[in-house]
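Please look over the sequence and the fold shown here before reading on. The paragraphs that follow move from the chain as a whole to a few of its parts.

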Amino acid sequence: MPRKPKRPCSYPGCAELTDGRYCDKHQKQADSYYNKYERDPATRKRYDRSWKRIRDRYIAEHPLCEECQKAGRLTPAEEVHHIIPLSKGGTNEDGNLMSLCTSCHSAITAKEGGRWKRR
C-alpha cells in the first residue's frame, strides 16, 4: 500500500522531513511543553514514572491488542487502557487494564467520551 509522502517538521525553522507533525528531536520538545503547560496537573500526577513501569510490564505480558484478538485479528498492542478510568475510581491492577492498538484505544475512548470531556 502506498504511503503518504513525508512533510517538513512543524517546528519553526526545522526543515527535516517526517511522517508525523514533528521530527524526533522536536517531538520530545512538543511533548515536554504539553505535559508542563497544557496537561491537567491531576492527570500528570496519575501518569508518572510508576505508570510507565506498570504499562511496560503489562505490554510485555500482553503484546497483542485484546480487542483485535476477540475479532480474530493479530495486531501488536501499543497502548494500555484502564477499563474503569482512574478518574472514576479505577486502579492500576492487572484486572483493570487491557492492551490495545491505537485505533481500538481511540475508538473506546471516543465512545466513553473521556478524552474531550463529553459525557
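Helices (H or I, at least four residues) and strands (E, at least two) are taken here as DSSP runs, numbered from the N terminus. By that assignment S50 is found in helix 3, which covers residues 49-61. The model is a predicted one, in which local features need pLDDT of at least 70 and side-chain atom pairs count only at pLDDT 80 or more, whereas totals for chains, interfaces and linings use all residues. Residues are numbered from 1 along each chain as its sequence is written, and side-chain values use heavy atoms, with hydrogens and water left out.

The protein chain has 5 helices and 4 strands, and along the sequence these follow the pattern β-β-α-α-α-α-β-β-α. Taken along the principal axes, the C-alpha atoms fill a box of roughly 45 × 40 × 30 Å. Of the 119 residues in the protein chain, 25% are buried, where buried means under 20% relative accessible area, exposed over 50%, and partly exposed in between (1.4 Å probe, protein chains only). Where contact means heavy atoms within 4.5 Å, residues 24 or more positions apart account for 34% of the contacts with a separation of 6 or more. The protein chain exposes about 9,000 Å², of which carbon and sulfur atoms supply 53%; such areas come from the Shrake-Rupley method with a 1.4 Å probe, and for residues only the protein chains shown count as cover.

S50 and N92 are 42 residues apart in sequence, and their C-alpha atoms are 10.0 Å apart in space. T91 has its place in the loop between strand 3 (79-82) and strand 4, and T91 touches H82, L86 and N96, not counting residues up to four places away in sequence. With a relative accessible area of 37%, T91 is partly exposed.

Which residues make up the largest nonpolar core? A nonpolar core is a set of buried Ala, Val, Leu, Ile, Met, Phe, Trp, Tyr and Cys residues joined through side-chain atoms within 4.5 Å, and the largest has 7 residues, namely C65, C68, M98, L100, C101, C104 and I108. Strand 4 (97-100) and helix 5 (102-112) each supply at least two residues of this core. A second, separate core of 6 residues includes W51, Y58, A77 and V80. In soluble globular proteins, nonpolar side chains tend to be buried together. Leaving aside residues up to four places away in sequence, C101 touches C65, C68, T75, P76, A77 and E78.

In helix 1 (residues 24-38), Y33 and Y37 lie 4 residues apart, about one turn of the helix. A search of the whole structure finds 1 aromatic pair, and Y33 and Y37 form this tilted pair, at 5.0 Å centre to centre and 45° between the planes. Rings of Phe, Tyr and Trp (its six-membered ring) pair if their centres lie within 6.5 Å, and planes under 30 degrees apart count as stacked, over 60 as edge-to-face and the rest as tilted. Y33 is partly exposed because its relative accessible area is 45%, while Y37, at 53%, is exposed.
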